[in-house]
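Please read the following points with the sequence and the structure at hand.

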Amino acid sequence: MIFGPTQTEIFNQIIKEGAASAMNDVQFIESEIRKWRGSEAWKEQVTGERYYQGFHDILNSKRTAIGENGELQEVKNLPNKHDIDNQYAIAIDKKTNYFLGKPIAIETDNKSYSYALHKVLNKKFMKKMKNVCKKSLHGGIAWVYPYFDLEGKLKLSIFPAYEILPEWKDKEHEELDFAIRVYDAIEYQGTTEVKVMKVEVYRPDGIYRYVLNDYALIPDIVQGAYSPYLMVDNKAYQWDKVPLIAFKYNNEEVPVIRRTKCLQDAINEMISMFHNNMLEDNRNTILIIKNYDGTNLGEFRRNLSTYGAVKVRSVDGNDGGVDALQIEVNAENYNTILELLKMALIENARSFDGKLLKSGTPNQMNILSVYNEIDIDTNEMETEYQAALEELLPYINTALQLQGLGDFTGEEVEFTFNRDMLINESEILGTLSNLGVKISQRTLLKQVPWIDDVDKELEEVKKEQEENMEVYGDAFTQNSDMFGSGKDGNAPTGDE
């Protein structure tokens, strides 16, 4: 169902068209980059990649205490551990390997096409796809740029979400008008290494390149200000649309980090806090020094945080001495809170807890319940990836044609994602057998993780069966010769 634009969308479009007409293309791109790099969406995309690599906000934390004026002040003489339990990265790896841990099965009626596709969509392609998957989880979307080398072989460049600013033609984000890529590069000025911010504008007619200097675009003379997408026999070719393919985590392009960052930060804080308390073992006892000096509230808080001691004075000033106030660090409390936080992160990341399957032999219902969240989430992801692979297919067909492997334009192909779920095969097969269900060999082979070419495997099975028939045929012939034959060539009778 297609909905018409709202009044707000129409108004925004009028403003955008008016702005574009009031300034030239370069000024418009400069303005868009400035707004995008300052947006929360861009910062969130960077954060997803940063957290996966282990650079969490806890690394910048400081120990503080309430000072004499009642405001927080940094305390530098206390332990300040920055412990990280990267549950976010664990969830990303689980989701990636669940979705793409097994080869993608390719099925088409054209055997020549199937053979050619497997030449292109090989193990190296699967490695690229896993990289795309991780980046789409980090940023909600990842980008694939297909291009061709001098031999006509298809190459894929992968861009994270924080490098690409898409300008969509439609509100459903299905077709690009153009796209802007902003990334850091290293160049040399003489022998000095200089960090430069590069900008590439992907239009249907080719790539325009610039250097961004204080949000001002300057044509890139090092790499060239313009290049076509494809050169064949010194002749430039262009595509009918921008050759950037969006691999989305979900339709809303919401990254995993948005759902899990606060929980990951809380896990890091709890572990670091517990570690700090263990290192402050001498402060588990607070000393109360009687009748040596009075203290105001601000000084009391500061002394308690910094020295682990407070000075008090009684009414009559007598009975000086030192008492101890014991404070116990209850590890069980920390443990309980940590477990709750980890389970919450797993649920919000739409992942699974494999520890639930370690005890005993789980039945299929238990397995399905553990994988339920990640399976539902992967359904949507698979829909988006199927659409993206469909967009990639024309570029694959062009590569096959350039390499002389054939023209397969218009051929249909189906990609099946074999999810890496732990299953109880014997229970499933037993249930199907009891129900009298018969499953074709093709369907069963499609679910086998180490088989990525079903047609080839079926041919091998058929070939093996034919060879066995020949062996058995020879055996029957030899057995009949063993009985001998009569004088007239017929089998001997009992009378003979």
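1. The survey begins with the aromatic rings. Across the whole structure, which is a predicted model, a search finds 17 aromatic pairs. One of these is formed by Tyr145 and Tyr202, whose rings are edge-to-face, at 5.4 Å centre to centre and with 65 degrees between the planes.

2. Are Tyr145 and Tyr202 buried or exposed? Tyr145 has a relative accessible area of 9%, and Tyr202 one of 2%. Residues count as buried under 20%; therefore Tyr145 is buried, and Tyr202 is buried as well.

3. A further pair is made by Phe247 and Tyr385. The ring centres of Phe247 and Tyr385 are 5.1 Å apart and their planes stand at 75 degrees, so this pair is edge-to-face. Here too distant parts of the chain are linked: Phe247 lies in strand 14 and Tyr385 in helix 11, 138 residues apart. Both Phe247 and Tyr385 are buried.

4. Ring pairs also build a cluster, which consists of Tyr145, Tyr147, Phe159, Tyr202 and Tyr229.

5. The next point concerns a sheet. Strands of a sheet pair through backbone hydrogen bonds, in a parallel or an antiparallel manner. In this model, an open sheet of three strands has the order 5-4-14, and its pairing is antiparallel.

6. Strand 4 (residues 141-148) and strand 14 run antiparallel and are joined by four bridges. Ile141, for example, has Lys248 in strand 14 as its bridge partner.

7. Thr260 deserves a separate paragraph. This residue is found in helix 7 (residues 256-279). Thr260 has a relative accessible area of 0% and is therefore buried. A polar atom of the Thr260 side chain lies 3.0 Å from the backbone oxygen of Val256. Apart from neighbours within four places in sequence, Thr260 is in contact with Tyr88, Leu345, Asn348 and Ala349.

8. Ser227 is found in strand 11 (residues 226-227). Its relative accessibility is 17%, so Ser227 counts as buried. The side chains of Ser227 and Arg209 make a polar contact (2.7 Å). When residues up to four places away in sequence are not counted, Ser227 touches Gly206, Ile207 and Arg209.

9. Some totals for the chain complete the note. The protein chain has 14 helices and 18 strands, and 38% of its 496 residues count as buried. Of the contacts between residues at least 6 apart in sequence, 65% join residues at least 24 apart. The accessible surface comes to about 29,800 Å², and 52% of it belongs to carbon and sulfur atoms.

Key. Residues numbered from 1 in each chain as written. Predicted model: local features only at pLDDT ≥ 70, side-chain atom pairs only at ≥ 80, totals over all residues. Heavy atoms only, no water. Pairing = 2+ DSSP bridges. Helix = DSSP H or I, 4+ residues; strand = E, 2+ residues; numbered from the N terminus. Buried < 20%, exposed > 50% of the residue type's maximum accessible area, 1.4 Å probe, protein only. Polar contact = N/O pair within 3.5 Å; in protein donor to acceptor, adjacent residues only side chain to side chain. Contact = heavy atoms within 4.5 Å. Areas by Shrake-Rupley, 256 points an atom, 1.4 Å probe, with all protein chains shown as cover. Phe/Tyr/Trp six-rings, centres within 6.5 Å; stacked < 30°, edge-to-face > 60°.
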